[in-house]
Amino acid sequence: MQTRRFSARALWGFAAWALPLAVVFVLTPTLLRLLGQDRFGVLMLVFVTPLIAAQLDLGIASNGIRQLAAAMAIGNVDAGRTLVTFSLALGLIGAALATAVWFGASAISSALGFDTVLGASSGSELVRACAVWIAISMATLLPGLVARAAQALVWITALQTLAAVSLWLGALLIVRSGQPLTDVVVLGIGLSLAVGVTMAFAMRQRIDWGGAPRFDYRLITQDRRFSAGIFGSQVASMLVYQGDRILISALGSPAIVGAYSLCANVANKTLAAVVALTSFVFPHAAALHSTDRVREIEELSHALNRAVIVLVVPLLTPGWVLATPFLLLWLGEFSSAELIMAFRILWLAFAIPAFAVPIGNILISSGRAELAARFSWLTAIVVLGSMLLLVPNYGLLGATTAMLLGMSTSFLFRFAAQRALGLHAASGFRRFWLGIGLGVVAQGAVLACIGGIASWPTLFAAAAGAWFIFYLVRVVLRMLSPEEAQLLNRLIPAIRGARGK
């Protein structure tokens with residue numbers, strides 16, 4: 001029964017990933033043609049505004065989720081003290097960040113190349129609009145934290161998906177009508193407000209509204225070491241996953257950012273899928289840690305590790321081999337040999353940290369955020385340091401190579417986190433990995449036999465065939481993970497029953 005609950009939670013996380021991806025995939029070529037690479041790069045920088053804001057919350061959001069999850073394990077959340085405290089703290093941080101960006105708008109616009117692409121006045125106006133978006137994003141963050149603590153994945157999936165789809169579709173309509181990019185930011189502000197209000201209404205029954213409103217700073221400071229560690233990790237992650245575009249624009253140009261974003265927006269979806277599928281792990285593991293259920297934590301870790309491996313590995317070889325026909329079909333005249341190689345490098349780079357996502361969530365949920373912070377900064381230093389050296393001389397390929405070098409530190413973090421948690425190795429893992437290797441070899445053989453690909457149906461057929469053979473070989477050789485075997489055992493009777501009917 002527990003496995004089924006995890007599967008349902010993972011499915012909702014997957015939906016939150018898949019639907020926006022489909023919209024981004026369909027709309028990107030049109031936006032690129034309407035805007036050109038320079039203005040498209042500016043739009044991609046604008047889109048990371050709320051993501052950057054959420055990473056600069058001083059660790060308060062993750063601290064809040066832990067406290068909210070613990071409170072919900074025994075009852076409802078106190079609105080008067082808990083919610084007022086966290087809401088005011090996040091609102092003040094957002095206001096401070098927005099003020100700094102507002103008064104630094106001219107310098108920021110110049111540094112990022114907005115002045116060159118849009119003009120000095122329009123560039124500064126766009127940055128100031130982003131400052132307002134930062135403030136609103138932080139002010140409306142709390143309802144989402146309550147939903148995460150409650151593991152209300154249906155609401156989270158529905159609202160986040162609707163907001164992402166609406167933002168991209170709205171951006172297309174705004175650009176097509178000839179309106180300035182500032183209007184896209186205004187749309188984003190409206191969506192942030194709408195999501196926050198709707199989520200608050202949805203979570204109202206999980207909240208005890210009887211307490212008198214008061215600010216209790218002890219809620220913020222009682223886990224200050226944890227918050228500091230989380231904040232350190234978040235800042236480092238922001239520098240890697242959102243700051244990369246800012247640095248590339250400063251070292252190169254918005255055009256390079258546009259090309260980089262084209263590749264990253266698809267290549268990073270492997271990592272994004274794993275993050276979405278395992279979004280339930282942090283609050284669930286926090287509850288397990290709070291009751292010292294060590295065995296369940298270890299079992300959860302092993303199951304998640306196996307799941308990530310069987311999800312990510314079969315995507316690597318097809319993604320690398322089929323990159324050329326994919327980009328030619330998707331982007332047409334905007335595709336180039338440099339762009340194809342950049343996509344391949346990022347496809348591999350963003351897959352590497354996916355293997356460390358489950359253990360990272362379990363480690364942080366235990367309250368030990370220092371290790372995650374140290375490795376996050378190691379990754380940030382490698383990525384940003386490499387970009388400083390490589391982007392001025394090698395442009396797009398320099399940026400993607402820097403990302404690959406930085407993401408490789410995830411292997412070290414995964415090993416260190418397992419040791420810190422005292423987790424033992426899973427039994428039968430060598431045979432499991434042998435099956436994985438044989439599946440990859442079979443994929444390579446299938447793809448080597450495929451000729452030229454000149455249409456979407458042929459491309460999808462090749463990718464699906466390579467993906468299917470990976471699992472088929474392991475089924476035939478009986479080298480499945482326990483979770484896969486359990487799923488197969490449930491599917492076979494269902495299929496036989498359907499045939500009988």
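Helix H8, residues 142-149, is mostly covered, with 6 of its 8 residues buried; helices here are DSSP runs of H or I with at least four residues, numbered from the N terminus, and buried means under 20% relative accessible area, exposed over 50% and partly exposed in between (1.4 Å probe, protein chains only). The buried positions of H8 are Leu-142, Pro-143, Leu-145, Val-146, Ala-147 and Ala-149. The model is predicted, so that local features need pLDDT of at least 70 and side-chain atom pairs count only at pLDDT 80 or more, while totals for chains, interfaces and linings use all residues. Residues are numbered from 1 along each chain as its sequence is written, and side-chain values use heavy atoms, with hydrogens and water left out.

The largest nonpolar core has 122 residues, of which Tyr-260, Phe-343, Met-387 and Met-403 touch the most other members. A nonpolar core is a set of buried Ala, Val, Leu, Ile, Met, Phe, Trp, Tyr and Cys residues joined through side-chain atoms within 4.5 Å. Helix H1 gives the most to this core, with 13 residues. Apart from it lies another core, of 16 residues, including Ile-230, Ala-356, Ile-362 and Leu-371. Beyond its neighbours within four places in sequence, Met-403 is in contact (heavy atoms within 4.5 Å) with Val-240, Asp-244, Tyr-260, Leu-346, Ala-349, Phe-350, Val-383 and Met-387.

The second largest pocket has a volume of about 460 Å³. On a 1 Å grid over the protein atoms alone, a pocket is an open set of points where a 1.4 Å probe fits, with protein on both sides within 12 Å along at least five of seven lines, and lining residues have an atom within 4 Å of a point. Grid points are joined across faces, edges and corners, and the volume is the space filled by probe spheres set on the points. Its lining comprises 22 residues, and Ile-52, Val-101, Ile-108, Leu-112 and Ile-246 lie nearest the centre. Helices H1, H2, H4, H7, H12 and H13 each give two or more residues to this lining. By type, the lining residues are 20 nonpolar, 2 polar and no charged; Ala, Val, Leu, Ile, Met, Phe, Trp, Tyr, Cys and Pro count as nonpolar, Asp, Glu, Lys and Arg as charged, and the others, Gly among them, as polar.

Leu-438 belongs to helix H23, residues 429-448, and counts as partly exposed because its relative accessibility is 34%. Its contacts, leaving aside neighbours within four places in sequence, are Val-473, Leu-477 and Met-479. Arg-478 lies in the loop between helices H24 and H25 and, at 72% relative accessibility, counts as exposed. Its phi is near 55 degrees, a positive value in a residue other than glycine.
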